[in-house]
Amino acid sequence: MEQPRKSTVVITGASSGVGLQAAKALAQTGQWHVVMACRNLSKTEEAAQSVEIPQGSYTIMHLDLASLESVRQFVNKFRESGRSLDTLVCNAAVYMPLLKEPLRSVDGYELSVATNHLGHFLLCNLMLEDLKKSSSGDPRLVILGTVTHNPKELGGKIPPRPDLGDLKGLAEGFKEPYSMIDGKKFEPVKAYKDSKVCNVLTMRELHRRYHESTGITFSSLYPGCVATTPLFRNHYPLFQKLFPLFQRYITGGFVSEELAGQRVADVVADPAYRQSGAYWSWGNRQKKDGKSFVREVSPEASDDEKAKRLWDLSEKLVGIGKVQPV
């Protein structure tokens, strides 16, 4: 008897943390084949084996989101594999809070925005064509969010607050001397928060442009504060030690990598999350058996006009749509 076709999900940044645990949760259902899209292939293979992702249920493919050429190569390689795409999960992120000067991607853009926003923006746009061809009847595109994108939330109230301004940095080409989206002085923590605002704006604009015509479900989620994730590997060692304790015992926001990964897997596969344009949350103070709900996003992330302008400027920077500026 012929085995039913497994659905295929691509997860960026699946070599550690939430992405790795989401890959494990989906693969272990027996219903998903996971494409783990990562920079370091050997590290990803070791990680997959360490959490016992079943052999044959995953494929590892190279993707460096800080390189627009690498994104294009990944999409081409994926298509050469002959697999259909049923869900894309944009999970990878870099956070470098201790930098004094900006690092640049190979394309000349500030590294955290290049990786967290622009690389994913290009990937989403290119793989829309693959998602449209999904035979699953329920294609989805999921972008990981963070509470720090929203100044109304505790995590977003801590300075520096995210603020894209009038997008001057992007409008000016986002290369030297520009390293911030608002065109102002470089601030590494704000650069990360700004990039996550861009993620939510991108999700909402994808929904506005494509949900009705394609049936693809576009959504974001904040799975809780995963204080042990390697996202914080570039922070002070003392912070890495104390932050999980603070989240676990003071704020009550702590979520394990395993639980966060399961929440991502649920948003990928559970029919309950088939609501396009939604930003899912389980709250800031975690409760036993806490239920998910649709969280209101920040005022800036709900600005439709800013979403449209961000889209247009991002198209130019990644070289799609209109001619890329010199």
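Begin by selecting E52, which sits in the loop between helix 2 and strand 3; helices here are DSSP runs of H or I with at least four residues, strands are DSSP runs of E with at least two, and both are numbered from the N terminus. What you have open is a predicted model, in which local features need pLDDT of at least 70 and side-chain atom pairs count only at pLDDT 80 or more, while totals for chains, interfaces and linings use all residues. Residues are numbered from 1 along each chain as its sequence is written, and side-chain values use heavy atoms, with hydrogens and water left out.

Although E52 is not a glycine, its phi is positive, at about 60 degrees. E52 counts as exposed because its relative accessible area is 62%; by the rule used here, buried means under 20% relative accessible area, exposed means over 50%, and partly exposed lies in between, with a 1.4 Å probe and protein chains only.

Next, show the strands, which form an open sheet of 8 in the order 3-2-1-4-5-6-7-8, with mixed pairing; two strands are taken to pair if DSSP finds at least two bridges between them. The edges are strand 3 (58-62) and strand 8 (293-294), each of which pairs on one side only. Helix 1 (residues 17-27) lies across strand 1 and strand 2 (32-38), and runs at about 160 degrees to strand 2.

**Strand 4 and V89**

Now select strand 4 (residues 87-90), where T87 and V89 point one way, L88 and C90 point the other way, and all are buried. Strand 1 (residues 7-12) runs parallel to strand 4 and is joined to it by 3 bridges, with V10 opposite L88. Strand 4 also pairs with strand 5 (residues 140-144), again in the parallel sense, over 4 bridges, and here V89 stands opposite V142. Between strand 4 and strand 5 the chain passes through helix 4 (residues 111-132), and this β-α-β crossover is right-handed, which means that, with the strands pointing away from the viewer, the path from the first strand over the helix to the second runs clockwise.

What is V89 in contact with, leaving aside its neighbours within four places in sequence? Its partners include V9, V10, I11, T12, V142, L144, V264 and V268, where contact means heavy atoms within 4.5 Å. V89 and V10 are 79 residues apart in sequence but 6.0 Å apart in space, C-alpha to C-alpha.

**The loop between helix 6 and helix 7**

Move to the loop between helix 6 (168-171) and helix 7 (188-214), where P177 is found. A cis peptide bond joins E176 to P177, with omega about 5 degrees. F174 is in the loop between helix 6 and helix 7 and, while not a glycine, has a positive phi of about 60 degrees. F174 counts as buried because its relative accessibility is 0%.

**Charged pairs**

Finally, display the charged side chains, among which there are 14 salt bridges; the rule asks for a side-chain nitrogen of Lys or Arg within 4 Å of a carboxyl oxygen of Asp or Glu. D138 and R140 form one of them, at 2.7 Å from N to O, and both residues are buried. D182 and K190 form another, with the closest N and O atoms 3.0 Å apart, and D182 and K190 are buried as well. A salt bridge network links E205, R208, R209 and D312.

End at E315 in helix 10 (residues 304-318). E315 is buried yet has no salt bridge, the nearest side chain of opposite charge being R209, 5.0 Å away; for charge, Lys and Arg count as positive and Asp and Glu as negative, while His and the chain ends are not counted. Apart from its neighbours within four places in sequence, E315 is in contact with F121, I320 and G321.

Terms used: Axes fitted to C-alpha atoms, helices over the stretch in contact; angles between N-to-C directions.
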